[in-house]
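Open the model in your viewer and keep the selection tool ready. This tour goes stop by stop, with a short note on what to select and what is there.

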Amino acid sequence: MTKQFNLPRGTADIFPDDATRWQDIEAKARNLFALYGFREIRTPLFEETELFARSMGQTSDVVQKQMLNLAAQGEGGESSGFSLRPEGTASVVRAYVQNSLDKKESRSKFFYVGPMFRGERPQKGRLRQFHQIGAEVIGPGTTSPFLDAEMIELAVHLLTKSGVKALTVKINSLGTPEDKKNFSAVLRQALEPYTKELCADCQSRLSRNVFRVLDCKKKTCQAVVDRLPLKYDHLSPESRDYFDKVKEALRMREVAFVEEPRLVRGLDYYTHTVFEISSSSLGSQDALGAGGRYNNLVQELGGHEVDAVGFALGIERIILATEGETGKEPVGLDAFIVPLGEAAMKEAFGLLPTLRNAGIAVDISYRWDASLKSQMRQADKTGAKAVLILGENELAMKSVAVKDMASGDQEVIPFAQLVGYLTKK
Ligand code: HAM
């Protein structure tokens with residue numbers, strides 16, 4: 001037997017019946033982004049590996065364990081120095097810096113929709129190729145608690161518009177880079193007495209990147225973290241004031257939220273506001289989306305001092321959280337041509353562009369040598385509203401027999417009147 005191929009683990013085929021739901025979510029997102037003044041950016045699916053390491057952080061799980069590197073061309077299997085993108089933020093910032101957008105516009109509001117790649121162990125809601133809807137606002141001096149709050153509100157709005165009902169917004173503040181340093185010192189001190197109870201990974205995280213301990217999924221580590229008396233002591237009065245204003249702005253827009261001092265996010269670039277939106281209907285992979293402010297990333301990637309904030313939502317997770325919702329059915333075929341004999345096929349082949357150029361959705365059975373019965377069966381399966389039968393008699397009269405599939409009525413219509421007849425229907 002010839003080998004059959006299966007799709008790679010952690011990926012999915014999206015067939016037309018399901019694609020309508022995807023289109024629906026994407027169309028709603030595009031509409032909403034336009035209302036909030038965002039414009040689309042499309043960046044490559046792969047970039048230099050170092051771009052991701054520099055932005056997300058060398059010690060982040062994504063960079064350490066999940067990067068899908070591209071092999072160099074030809075034999076040898078060495079790495080090309082490029083990787084499939086695990087997220088969109090790094091690429092958007094790279095494009096911003098490369099094109100000196102800070103000189104061209106005072107503020108850039110981008111959105112993107114597309115596949116991302118992480119070499120994770122696949123499970124429900126966790127794929128190796130998944131899709132994000134993301135948004136980033138980048139510009140000098142754009143730090144504002146109102147903007148942070150509006151980004152959170154927009155993420156929630158996108159989710160509710162897509163049909164998500166029960167969701168929880170968790171927020172936290174990491175403060176300035178200085179505050180973050182304080183936070184890691186406070187955290188390290190608080191964790192020290194429990195070192196032995198932590199997993200081996202977390203023991204090394206203590207010195208390398210202590211924030212990662214808060215994200216560890218192991219029960220023993222979570223039990224330690226649960227006992228930590230985390231407050232907002234690490235924040236400077238200015239950062240605390242900023243965070244208070246974000247919360248106030250969220251209340252003004254009636255976005256319900258919970259404060260989660262343990263929320264640090266797995267990526268290094270965040271400063272000040274961070275947030276995560278989850279749904280209890282999702283099981284262990286419960287994050288529908290996440291984001292936050294990242295005021296130093298533009299500079300870290302070679303740009304000027306430029307502030308930024310953004311988020312990304314996982315489309316597969318939105319679909320899981322809204323099971324039962326279906327997309328809008330696309331408009332079906334107006335007509336299906338059944339040619340009987342080669343001469344009829346040739347005539348019909350010429351008719352197709354005339355009909356389509358007039359806006360009539362039409363398809364054909366290419367099996368002109370098959371019986372009327374079997375071609376009619378094929379026509380029926382397509383769900384076309386009308387079947388255009390082109391046999392020897394019709395051909396001689398330069399006409400087609402048009403059968404209305406709902407009523408069963410049949411009429412002979414000359415070629416010259418066909419467009420008018422079908423558009424009136
Ligand atoms: P993230 O938390 O890594 O953030 O991913 C955002 C969302 O993408 C997650 O909440 C989840 O819904 C979805 N997601 C992530 N990994 C997977 C996976 N393996 N399978 C299925 N869905 C997944 C970021 O990517 C940041 N770039 C967000 C951001 C934008 N921050 C600032 N701007």
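Contact here means heavy atoms within 4.5 Å. Helices (H or I, at least four residues) and strands (E, at least two) are DSSP runs, numbered from the N terminus. The model is predicted, so local features need pLDDT of at least 70 and side-chain atom pairs count only at pLDDT 80 or more, while totals for chains, interfaces and linings use all residues. Residues are numbered from 1 along each chain as its sequence is written, and side-chain values use heavy atoms, leaving out hydrogens and water.

**Stop 1: helix α2**

Select residues 49-56, which form helix α2. Its buried residues are L51, F52, A53, S55 and M56. Buried means under 20% relative accessible area; exposed is over 50%, and partly exposed lies in between (1.4 Å probe, protein chains only). What do the buried residues of α2 pack against? Show β2 (46-48), α3 (61-65), β4 (79-84), α4 (89-98) and α12. Now step to G57, which follows α2. The phi of G57 is positive, near 105°.

**Stop 2: helix α4**

Next, select α4. How many of its 10 residues are buried? The count is 8, so α4 is mostly covered. The buried ones are T89, A90, S91, V92, V93, A95, Y96 and V97. Their cover includes β2, α2, α5 (101-104), β5, β6 (129-139) and α12. Just after α4, click S100: its phi is positive, about 45°.

**Stop 3: aromatic pairs**

Show the aromatic side chains. A pair of aromatic rings is described by the distance of the centres and the angle of the planes. Rings of Phe, Tyr and Trp (its six-membered ring) pair if their centres lie within 6.5 Å; planes under 30 degrees apart count as stacked, over 60 as edge-to-face and the rest as tilted. Across the whole structure, a search finds 7 such pairs.

Select F33 and F111. Their ring centres are 4.5 Å apart and their planes stand at 15°, so this pair is stacked. F33 belongs to helix α1 (residues 16-35) and F111 to strand β5 (residues 108-117), so the pair ties together parts 78 residues apart in sequence. Are these two buried or exposed? F33 is buried, at 0% relative accessibility. F111 is buried too, at 6%.

Now select Y269 and Y294. Their ring centres are 5.5 Å apart and their planes are at 55°, so this pair is tilted. Y269 sits in the loop between β8 (258-259) and β9 (271-278), and Y294 in the loop between β10 (287-293) and α12 (297-300), so the pair ties together parts 25 residues apart in sequence. Y269 is buried at 5% relative accessibility, and Y294 is buried at 1%.

**Stop 4: helices α6 and α11**

Select residues 145-161 (α6) and 237-252 (α11). They pack at an angle of about 50°, with their axes 8 Å apart. Axes are lines fitted to C-alpha atoms, for helices over the stretch in contact, and angles run from 0 to 180 degrees between N-to-C directions. Why are α6 and α11 called oblique? Angles under 35 degrees count as roughly parallel, over 145 as roughly antiparallel, 65 to 115 as roughly perpendicular and the rest as oblique, so α6 and α11 are oblique to each other. From α6, the contact uses P145, F146, D148, A149 and I152. From α11, it uses Y242, K245, V246, A249, L250 and M252.

**Stop 5: helices α14 and α17**

Move to α14 (residues 342-357) and α17 (residues 415-424). Their axes come within 11 Å and cross at roughly 40°. That makes α14 oblique to α17. Which residues meet here? E347, L351, T354 and L355 in α14 meet F415, L418, V419 and L422 in α17.

**Stop 6: two single residues**

Click S184 in helix α7 (residues 177-191). S184 is buried, with a relative accessible area of 14%. Not counting residues up to four places away in sequence, S184 touches V210 and F211.

Finish at I315, in helix α13 (residues 315-321). I315 is buried, with a relative accessible area of 0%. With the same exclusion of residues up to four places away in sequence, I315 touches W22, E26, V113, H131, Q132 and I133. Now find G302, 13 residues from I315 along the chain. The C-alpha atoms of I315 and G302 are separated by 31 Å.
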